[in-house]
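Please read these notes with the model open beside you.

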Amino acid sequence: MDIAAFAEKIAQGDRRSLSRAITLVESGRADHRTDAVALLEALTQRPDRPEALRVGLSGTPGVGKSTFIESFGMMLLDKGLRVAVLAVDPSSVRSGGSILGDKTRMDRLSREPMAYIRPSPSQTQLGGVARRSRDAVALCEAAGFDVVIVETVGVGQSETMVAEMTDLFLLLLAPAGGDELQGVKRGIMEIADLILVNKADGELKSAATRTCADYAGALRLLRKRVQDPEGFPKAMTVSAVEETGLGTAWDEMTTLIDWRREAGHFAARRAEQARYWFREDVRNGLLAQLDGEAARAQMKTLGAAVAGGEMTATLAAEEMLAALRK
């Protein structure tokens, strides 16, 4: 593979090359991984590398994430911005397959030449995103997209990993969901930059307003973060169907990002994210050693010994780790 030529095509915005590159970084083959690392290095070290705004979006299933992204994306296109959407679909724990139907749900946006939608399977990765979503974000950024939206699986309170690869984290909520503050869990609330109460239209409009007020009050109880100006994080109402509130939400996002750039938090956060993913790659590399033939054989032997009561799990683990160090 001619890495330099491949990288040049991506930098010129060639969509087919971008799709091939994302497939490459998602592959688990050793030779593909070598090429993917070389490609990412070639793109990220370019002096003219563009910088996109990375936006993470999470919310429970049925809250309207795909509808919101399509309406929000169309609004950004009207402003002359190029938009990439990386949507992560849950994988079956039985077959390992995924539906990957996001292009179908975002019919209008998928037909726009200035937009790019890429669904990916979550596979066995926890945290709401695919293992290589971070690399896919870097590729879309290198391809010249102005805004890269990462839509998580939507499984609940555990999707905090997306905050480690984005500049803004949006939490999408629905009104009239029962206990309006049931979703206030510290893990996901503490990383949200904006809480958007969707479906603020029709009969649900008044309920959405009440829900927004409840979450605004809850946000004021959280400890203030150093990377936030006065008034952030905040809760707002939007309607993806009627396309209301989207412009205001975008204005709030740009206000927050501009403030963070001027205060130095934007660059510092990206540097900290780079360190985080360095540690994650080292950790995943160590875990990958367990997939070797010799390691699997020893795991099987030690596992049988533990199951038979011949040794404790702690001692067996120590022996396994000692063997890996050799």
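1. A definition comes before the helix pair. Axes are lines fitted to C-alpha atoms, for helices over the stretch in contact, and angles run from 0 to 180 degrees between N-to-C directions. Keep in mind that this is a predicted model.

2. Confidence overall. The mean pLDDT of the chain is 85. Of the residues, 86% score at least 70. Helix 10 (residues 246–263) has the highest mean among the elements, at 97. Helix 5 (residues 102–105) has the lowest, at 63.

3. The pLDDT is below 50 over residues 91–101, a stretch with 17 contacts in the model beyond near neighbours in sequence. Residues 124–128 also have pLDDT below 50, and that stretch has 13 such contacts. Where pLDDT is low, the predicted coordinates should not be read in detail.

4. Helix 1 against helix 3. Helix 1 (residues 3–11) packs on helix 3 (residues 30–44) with axes 9 Å apart and an angle of about 55°. Helix 1 is therefore oblique to helix 3. The crossing of helix 1 past helix 3 is right-handed.

5. Who meets whom? From helix 1 come Ile3, Phe6, Ala7 and Ile10; from helix 3 come Asp35, Ala38, Leu39, Ala42 and Leu43. Eight residues of this contact are nonpolar, one is charged and none is polar.

6. Gly247. This glycine sits in helix 10. Gly247 has 28%, so Gly247 is partly exposed. Gly247 and Phe72 lie 175 residues apart in sequence, yet their C-alpha atoms are 8.4 Å apart in space.

Methods
Residues numbered from 1 in each chain as written. Predicted model: local features only at pLDDT ≥ 70, side-chain atom pairs only at ≥ 80, totals over all residues. Heavy atoms only, no water. pLDDT = per-residue confidence, 0-100. Helix = DSSP H or I, 4+ residues; strand = E, 2+ residues; numbered from the N terminus. Contact = heavy atoms within 4.5 Å. Buried < 20%, exposed > 50% of the residue type's maximum accessible area, 1.4 Å probe, protein only. Parallel < 35°, antiparallel > 145°, perpendicular 65-115°, else oblique. Left-handed = near helix turned anticlockwise from the far one by under 90°. Nonpolar A, V, L, I, M, F, W, Y, C, P; charged D, E, K, R; others polar.
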